[in-house]
There are 2 protein chains.
Amino acid sequence: MIVDVSKKILIVGLGLLGGSYARALKRFGFHISAITKDQSSIDYALNENIIDEGTTSLDEKMIGQADIVIFALYPHIFVQWIEQNQSFLKSGALITDVTGVKQSIVYKIQDILRSDIEFIAAHPMAGLEVSGVENSNDKMFVGANYIVTPTDKNTPEAISSCLELGKLLGFSNVTTLSPEEHDEMIGFLSQLTHCIAITLMTCNDKEDMEKFTGDSFRDLTRIARINDLMWSELFIANKPALLEQMNLFINKFNDLKTMLENEDVDAMRKMMQHSTKRRALFDKK
Amino acid sequence: MIVDVSKKILIVGLGLLGGSYARALKRFGFHISAITKDQSSIDYALNENIIDEGTTSLDEKMIGQADIVIFALYPHIFVQWIEQNQSFLKSGALITDVTGVKQSIVYKIQDILRSDIEFIAAHPMAGLEVSGVENSNDKMFVGANYIVTPTDKNTPEAISSCLELGKLLGFSNVTTLSPEEHDEMIGFLSQLTHCIAITLMTCNDKEDMEKFTGDSFRDLTRIARINDLMWSELFIANKPALLEQMNLFINKFNDLKTMLENEDVDAMRKMMQHSTKRRALFDKK
């Protein structure tokens with residue numbers, strides 16, 4: 001194992017993901033500390049025995065002794081934290097994150113970071129529709145993807161450590177993509193789907209529609225119940241890639257509309273056959 | 001009970017829905033006959049004891065003795081059948097259907113139908129991603145909507161009988177809408193969602209995306225596996241109502257795109273809050 005269990009891990013931001021990380025890593029015997037904004041989160045995590053120590057203050061000693069620091073924060077708070085507090089980090093520390101967008105974060109952090117500390121970015125593609133450490137649960141990593149997004153500035157050792165971290169956390173698929181590939185993929189698979197769901201949910205406010213709702217509409221709008229603070233930030237942080245995906249979608253949707261206007265059955269059937277065939281690839285294996 | 005169990009029911013089109021109707025109604029003791037295109041469907045249904053008799057031919061005696069005829073056919077085949085074979089129907093028979101669009105069917109059938117026969121239209125909002133009588137199952141009616149769409153030409157008796165049929169079939173919600181209200185509702189809740197799903201599934205053919213797919217994308221594209229023959233016909237049969245819903249969606253989606261271009265966080269958050277609030281209405285009760 002590259003990641004030695006004698007290493008001290010600090011989690012900054014003990015919410016749903018940070019708490020689930022703590023839960024998963026504690027089982028291996030790592031020393032886990034946490035810094036977060038609410039004392040109730042610390043109390044809960046200590047009580048559940050998923051962290052060894054925790055604080056809501058900027059504890060220089062706790063920060064200074066960590067070998068691995070995992071940032072589970074909103075993107076702009078992560079950047080602010082590094083700008084303001086990186087002097088407290090231990091020389092040689094490895095830092096990683098959980099941010100759902102990469103190009104706009106990775107290069108910025110690597111640019112401003114001290115040269116004796118390495119940042120290797122990762123995106124754990126897991127979540128729930130609830131938040132907070134009280135809902136943390138490392139079972140959500142089973143069957144999920146963990147994507148490491150290295151750049152030219154990363155060492156092979158850090159990349160290997162981060163990949164191993166993903167395996168220790170219990171992710172079923174641990175892989176690497178460039179930040180650019182990552183953002184295109186996430187723009188399409190996750191952000192575009194959320195844009196569609198919130199649009200569908202708000203484009204027709206007619207009363208009593210819910211009385212006739214079936215499973216199809218419910219499936220397409222499940223994620224229309226959305227954390228507006230987090231997702232508006234994530235959309236803007238991935239603006240160019242998301243706009244590109246939105247345009248691909250609009251163009252195709254307009255094609256379909258034209259087929260309907262022209263009653264072009266052949267073209268519609270061809271599109272539906274394409275859709276049916278391609279959907280088979282996306283079944284759960 | 002308005003619908004007397006001594007009445008003879010004929011089902012024309014013994015597929016998934018027709019078979020499920022037969023299954024549900026047989027329990028009450030109705031005499032059920034069926035006309036369909038494949039002998040294997042008849043054999044299966046006789047063997048399962050969900051019909052009393054069945055044929056693949058145009059059996060004048062079987063048609064002529066039916067008090068209630070349920071058409072579970074594709075829209076254009078239903079219209080053709082009435083045009084060609086209505087002379088065989090019993091005087092005083094009540095006919096109904098399962099068609100998923102109403103304005104383009106109901107008025108046409110009522111216009112061409114003999115004056116001694118009444119057509120009362122209904123839409124059972126239930127289905128599965130499989131077809132054929134072999135997959136028939138009346139459990140899909142539980143929790144589902146059955147919508148009767150009367151016109152000025154319908155008698156109160158026929159409307160009551162059709163509503164009772166929906167209850168006998170086991171539908172949880174049995175109600176009436178005008179054909180116009182029905183088509184708007186179905187255009188939004190069902191057809192627009194299918195348009196979105198097939199567009200999302202075909203707008204980006206990049207390889208290997210499936211490796212990173214999560215539940216959100218899977219949920220939004222479940223119905224992208226689609227019966228192209230049936231849905232292209234249903235889309236065209238509801239063209240004006242569906243185009244209106246597509247336009248509502250495109251306009252809202254373009255609004256969101258503009259918000260993103262302008263990095264208008266407030267507008268985006270407001271839209272997401274609207275979406276979150278409205279989605280709560282659509283939860284399963």
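## Close-up views of a two-chain model

**View 1. Pairing of strands S1 and S2 in chain B.** In strand S2 of chain B, B:His31 is the residue that stands opposite B:Lys8. The model shown here and in the views that follow is a predicted one. Strand S1 (residues 8-12) and strand S2 (residues 31-35) of chain B run in the parallel sense and are joined over five bridges. Both strands belong to an open sheet of six strands in chain B, whose order is S3-S2-S1-S4-S5-S6 and whose pairing is parallel. At the edges of this sheet lie strand S3 (53-55) and strand S6 (118-119) of chain B, each of which pairs on one side only.

**View 2. Helices H4 and H5 of chain B.** Two packed helices are described by the angle between their axes and the distance between the axes. For helix H4 (residues 75-85) and helix H5 (residues 103-112) of chain B, the axes cross at roughly 5° and come within 10 Å. H4(B) and H5(B) are therefore roughly parallel to each other. On the side of H4(B), the contact is made by B:Pro75, B:Phe78, B:Val79, B:Ile82 and B:Glu83, while H5(B) contributes B:Ile105, B:Lys108, B:Ile109 and B:Ile112. Sorted by class, the contact of H4(B) with H5(B) has seven nonpolar and two charged residues, and no polar ones.

View 3. Chain A has an open sheet of three strands in the order S7-S8-S9, with mixed pairing. Its edge strands are strand S7 (122-125) and S9 of chain A, each pairing on one side only. With direction ignored, neighbouring strands of this sheet are turned by 15° against each other on average. Within the sheet, strand S8 (residues 145-148) and strand S9 (residues 173-176) of chain A pair in the parallel sense over four bridges, and A:Val148 stands opposite A:Thr176 in S9(A). Together with helix H6 (residues 156-169) of chain A, the strands S8(A) and S9(A) make a β-α-β unit that is right-handed.

**View 4. The side of chain B that touches chain A.** Where the two chains meet, 67 residues of chain B are in contact with 67 residues of chain A. On chain B, the elements that give two or more residues to this side are helix H7 (179-202), helix H8 (215-221), H9, helix H10 (239-261) and H11. The largest share comes from H10(B), with 14 residues. By class, the residues of the side of chain B that touches chain A divide into 37 nonpolar, 16 polar and 14 charged.

**View 5. Helix H7 of chain A against helix H11 of chain B.** Helix H7 (residues 179-202) of chain A packs with helix H11 (residues 265-281) of chain B at an angle of about 65°, and their axes are 9 Å apart. H7(A) and H11(B) are therefore roughly perpendicular to each other, and their crossing is left-handed. From H7(A), the residues A:Ile198, A:Met201 and A:Thr202 meet B:Met271, B:Met272, B:His274, B:Ser275, B:Arg278 and B:Arg279 in H11(B). This contact of H7(A) with H11(B) has four nonpolar, three polar and two charged residues.

**View 6. Helix H11 of chain A against helix H9 of chain B.** Here helix H11 (residues 265-281) of chain A and helix H9 (residues 228-237) of chain B pack at an angle of about 130°, with their axes 9 Å apart. That angle makes H11(A) oblique to H9(B), and the crossing of H11(A) and H9(B) is right-handed. The residues that H11(A) brings to the contact are A:Val265, A:Met268, A:Arg269, A:Met272 and A:Gln273, and those of H9(B) are B:Asp228, B:Leu229, B:Trp231, B:Ser232, B:Phe235 and B:Ile236. Seven nonpolar, two polar and two charged residues make up the contact of H11(A) with H9(B).

Note on methods: Residues are numbered from 1 along each chain as its sequence is written. Chains are lettered from A and ligands numbered from 1 in the order in which they are written. This is a predicted model: local features need pLDDT of at least 70, side-chain atom pairs count only at pLDDT 80 or more; totals for chains, interfaces and linings use all residues. Axes are lines fitted to C-alpha atoms, for helices over the stretch in contact, and angles run from 0 to 180 degrees between N-to-C directions. Angles under 35 degrees count as roughly parallel, over 145 as roughly antiparallel, 65 to 115 as roughly perpendicular and the rest as oblique. A crossing is left-handed if the near helix is turned anticlockwise from the far one by less than a right angle, and right-handed if clockwise. Two residues are in contact if their C-beta atoms, placed from the backbone, lie within 7 Å. Ala, Val, Leu, Ile, Met, Phe, Trp, Tyr, Cys and Pro count as nonpolar, Asp, Glu, Lys and Arg as charged, and the others, Gly among them, as polar. Two strands pair if DSSP finds at least two bridges between them. A crossover is right-handed if, with the strands pointing away from the viewer, the path from the first strand over the helix to the second runs clockwise.
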